[in-house]
Amino acid sequence: MSLHPVQGHREFRAAVATSRARGTLPSALLLHGPRGVGKQRLALWIAQLDLCEVPGAEGPCGTCRSCKLALRLEHPDVHWYFPLPRPTGASSPEKMGEMLEEARFARLGELRDEPLQAAGAEGPTGIYIAAARSLRKRAQSRPSMAPRQLFLIGDAETLVPQEASPEAANALLKLLEEPPPDTRFILTSSEPGSLLDTIRSRTVPLLVKPLQEDEVVSFLQDHGADAEAATTAARLSGGAIGRALGFLPIESKGEPEPGPLEGRRREAFTILRAALSERPGAGFRAGLDQKVSGARALLGLLDALEVWLRDLATVVSGVPERAVNQDAVPWMTRRTKETGLTPDRVARSLARVDEAALHARGNVNPQLLVVGLVADLRALLLPTTGVAHGR
């Protein structure tokens, strides 16, 4: 199978194609924007453009040998690195590197078979020092068939937080400081602020904006989603096709089940309801539903909870039509009136979720983290219930 055509981002692609034609395309790019908006697909498009044998004014031809290989993720000079689960059982750094390369090639095989993947649905992953060293070693070799090599580093922010030190990021930094003449690096990130300042300073940032909602709906319908499901998923996605895919229902044993991001959205709503409950013990159930380890897996849930709180802020501020989760606006409106919620309380609760996300990146107990978070949110949103947990 081939990669799906790029949807939207016409101005972005036109600017890149013009820069490439003029010979002014920087050797190190940083594509940044919302999660699931298509940054890695655009990075692959740029790689295809760079290696195309007869590129046009609007981009690669799509029919030459290099284009076909790039679209099948088989071009020997396009090297795509992305976060992976940490392998277990590696007896040495060399073995770790081998296991990570095997996992990367296996994942590339999965992407060839099923190019459309929901963004943000995976568990804890990272780009480890062994992978960064492998990348650096490969960059020192000559291209196999093209004038240059392209190195794509997806979710580059995971170079730092997945390690106890910035070793992985520093390994890449050394390569960016003295890049081989026949290479181009394309980093993507949903959290560019998490990258080392020195890496950001050596890349040219390009913002990838969200798509229009109708563009997302059109794409989903073209790939088999019915109109109602596509419209709902597009609204929840914030203009990101990768996220929209995660809100579509999936078939399981002949029955539709919530997609991974839809399941996470519902779980986050449960936490919000617990935080606005008058029952002090409401948060314990939400906490017990979590695993006893692997707090980084909570980051996606906390992202979803932040969206719910922002929606709550729109309701409290009298503009419920701006809420993403329109299906729960009646409940939020009713609960706002019952509790006398004010915008400043919701703002403080958002800061508390950010704090919880910082803790989730460390070695903490997920159950205790969620229980403490719900207690704190109750105290912030419903101040008459008592003092914030742990304060």
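Visitor: At roughly what angle do the axes of helix α8 and helix α9 cross?

Guide: The model is a predicted one. Helix α8 covers residues 213–222 and helix α9 covers residues 227–237, and their axes come within 8 Å. The axes cross at roughly 135°.

Visitor: Which term describes how α8 and α9 lie relative to each other?

Guide: The crossing angle is roughly 135°. Roughly antiparallel would require an angle over 145 degrees, and roughly perpendicular covers 65 to 115. The two helices α8 and α9 are therefore oblique.

Visitor: How many nonpolar, polar and charged residues does the contact of α8 with α9 have?

Guide: From α8, Glu213, Val216, Val217, Leu220 and Gln221 take part, and they meet Ala227, Ala230, Thr231, Ala233, Ala234, Arg235 and Ser237 in α9. By class, the contact of α8 with α9 comprises seven nonpolar, three polar and two charged residues.

Visitor: Are α1 and α2 roughly parallel or roughly antiparallel?

Guide: The axes of helix α1 (residues 10–22) and helix α2 (residues 39–51) come within 11 Å and cross at roughly 30°. An angle under 35 degrees counts as roughly parallel. The crossing therefore makes α1 and α2 roughly parallel.

Visitor: With which residues is Gly59 in contact, leaving aside its neighbours within four places in sequence?

Guide: Gly59 is found in the loop between α2 and α3. Its relative accessibility is 7%, so Gly59 counts as buried. Ala17 in α1, and Trp45 and Leu49 in α2, take part in the contact between those helices. With sequence neighbours within four places set aside, the contacts of Gly59 are Ala17, Trp45 and Leu49.

Visitor: What distance separates the C-alpha atoms of Gly59 and Leu288?

Guide: Along the chain, Gly59 and Leu288 are 229 residues apart.

Visitor: At what angle do α11 and α13 pack?

Guide: Helix α11 covers residues 260–275, and its axis is 8 Å from that of α13. The crossing of these helices is right-handed, and α11 and α13 are oblique to each other. Their packing angle is about 60°.

Visitor: How many charged residues does the contact of α11 with α13 have?

Guide: Arg264, Arg265, Glu267, Ala268, Phe269, Ile271 and Leu272 in α11 meet Gly300, Leu301, Ala304, Leu305, Trp308, Leu309 and Leu312 in α13. By class, the contact of α11 with α13 has ten nonpolar residues and one polar residue, and the charged residues number three.

Visitor: Which elements are included in what covers the buried residues of α11?

Guide: The buried residues of α11 include Leu261, Glu262, Arg264, Arg265 and Phe269. The cover over the buried residues of α11 includes α9, α10, α12, α13, α14 and α16.

Visitor: How many residues of α13 are buried?

Guide: Helix α13 (residues 299–316) reaches 25 Å from its first C-alpha to its last, close to the 26 Å expected. Buried means under 20% relative accessible area. α13 is largely enclosed by the rest of the structure, because its buried residues number 13 of the 18.

Visitor: What is the phi of Leu73, and what is that of Asp155?

Guide: Most residues other than glycine have a negative phi. Leu73, in the loop between α3 and β2, counts as buried at 11% relative accessibility. Asp155, in the loop between β3 and α6, is buried as well, with a relative accessible area of 14%. Neither residue is a glycine, yet phi is positive in Leu73 at about 55° and in Asp155 at about 50°.

Visitor: Is Arg352 buried or exposed?

Guide: Arg352 has its place in helix α15 (residues 343–360). At a relative accessibility of 9%, Arg352 counts as buried.

Key
Residues numbered from 1 in each chain as written. Predicted model: local features only at pLDDT ≥ 70, side-chain atom pairs only at ≥ 80, totals over all residues. Heavy atoms only, no water. Helix = DSSP H or I, 4+ residues; strand = E, 2+ residues; numbered from the N terminus. Expected span 1.5 Å × (residues − 1). Buried < 20%, exposed > 50% of the residue type's maximum accessible area, 1.4 Å probe, protein only. Axes fitted to C-alpha atoms, helices over the stretch in contact; angles between N-to-C directions. Contact = heavy atoms within 4.5 Å. Nonpolar A, V, L, I, M, F, W, Y, C, P; charged D, E, K, R; others polar. Left-handed = near helix turned anticlockwise from the far one by under 90°.
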